[in-house]
Amino acid sequence: MMIPACRLADLPRGEALRLDIDPPVSVFHTDDGELFAIDDTCTHQDASLADGWLEGCEVECPLHASKFDLRTGAVDAPPAKLPVRTHDVLIEDGMIYVRVSTDAPNLPPCVAARLAGGPA
Amino acid sequence: MRTVAVVGASLAGLSAARSLRKQGYDGRLVVIGDEPHRPYDRPPLSKEFLAGGIGEADLALETDGEDLRAEWLLGARATGLDRTRRAVRLADGGEIRADGLVIATGAAARQLPGSDGLAGVHVLRTLDDARALRDDLARGGRLVVIGGGFVGAEVASTACALGLEVTVVEAAPTPLAGPLGQAMGGIVSALHLDHGVRLLCGVGVKGLGGERKVDAVLLEDGRSIPADIVVVGVGARPCVDWLEGSGVILENGVKCGADGRTSLAGVVAVGDCASWYDPRAGHHRRVEHWTGAQERPAAAVATLLAGGAVEPGVPRPPYFWSDQYGVKIQFAGHAADADSVTVEEGAPDDRNVLAVYRRAGRPVAVLGMNQPRLFTRWRKQLAAAS
């Protein structure tokens, strides 16, 4: 599934954009100018990684201290224990597109339960 | 270095063990813990775990399949340190000799004098504490929380959601004034009142009523508050008694440099028992935060492995969070350093606030209530400014 995110010009470096799909995905524009997309929800608890602390190729969850590697989705330290999914990012005619992974997401228990119950 | 012993098997001890392996230490690694449990996460003990939302398996800090190639000595309490023989003495008479030592023995909940052996009286620090309190709360009734700090407030919030009748007693005129300052302490602790929890401030506790089981909390002004369950949340003291006479200098915990080094070569300290030198403040501080226990061991381990030859980086301003009555509370920095505090976003009455603390116009701390995005921005700014 290819999803148009926004115009590249509308996502400055150091910023993130959350796509409100289910589950939500976020596109990060690093200070070095690279673009990455990962699942937006921290695997520990319901928090939006787009609100987190972006530094280099890592984003720290806005609530607690776990950091996710934007390139691999790997998590570095507790309280989160599972990685987030990564997604392909494409740029065409100045537009950012995300190809959403077909892998099963690692969602925190409360969010997984909500999604299992159908779209809110 | 052939053997490193980590004394303390909670978050700080585990983070130290992980850092040792990550930084290339390949020798013998012994982790000594006085509790019988593998490392577990404490923040949920006053929240989801206490409410019954998650179980013990969810508290595990180690990941599936993680192998630190460590010897785990659990249920083993350290009772002394012999500096000449470089040995940690254990309560069972055994000892562990090690040429490198990480002290991570944490802090223990302060008890209320005279509460020994009285059923229904709890502190909340360990998994065993939380199990006992959870079982009592499940029976319902009237809960009195002594101490309006973060642990007390989280227990009150959880118990209120479970349907208990809750009273919080706080000796200071404003709860949380220490960590948050007077004004913001008042705003955050007003969450109790919003949810029908009674908050009694500026009054001390004289004692507890009841024969074998607690039935009341007796206040210094003569009032008696009926209680079926009492939680004592009046802070913690560092677990460093075992280091008396060892040569490790103790001063409100283990006195350390900005890199975690103690007064003894080959010995570093991390977590709640450690009072690190804060280069920004120019003095030592003991900070009992989860994030410090998670982040600082990397620096202490680097110091240990390099024999003290590393330049310590400047750590980020201390950060902690709390969840109370469904509100996410976040704080970074030091409120005590501030001479002013202003609400930059949101409204105190809505319990939705981003407040910035400043000293001579420079930000020194930031508080967020349900403001994770803005809070992160300010927290970054705070780190950059200092």
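How much space lies in the second largest pocket? I looked that up and found about 930 Å³, a volume being the space filled by probe spheres set on grid points joined across faces, edges and corners. A pocket here is an open set of points on a 1 Å grid over the protein atoms alone, where a 1.4 Å probe fits, with protein on both sides within 12 Å along at least five of seven lines; lining residues have an atom within 4 Å of a point.

Before going on, I noted that this is a predicted model, where local features need pLDDT of at least 70, side-chain atom pairs count only at pLDDT 80 or more, and totals for chains, interfaces and linings use all residues. Residues are numbered from 1 along each chain as its sequence is written, chains are lettered from A and ligands numbered from 1 in the order in which they are written, and side-chain values use heavy atoms, without hydrogens and water.

Back at the pocket, I found 37 lining residues, with A:His44, A:Gln45, A:Pro109, B:Glu48 and B:Ile54 nearest the centre. Helix α4(B) gives the largest share of the lining, four residues; helices (H or I, at least four residues) are DSSP runs, numbered from the N terminus.

Next I turned to B:Glu56, in the loop between α2 and β3 of chain B; a strand is a DSSP run of E, at least two residues. I read 35% relative accessibility, so B:Glu56 counts as partly exposed (buried is under 20%, exposed over 50%, with a 1.4 Å probe and protein chains only). B:Glu56 touches B:Phe49, B:Leu127 and B:Arg131, leaving out residues up to four places away in sequence; contact means heavy atoms within 4.5 Å.
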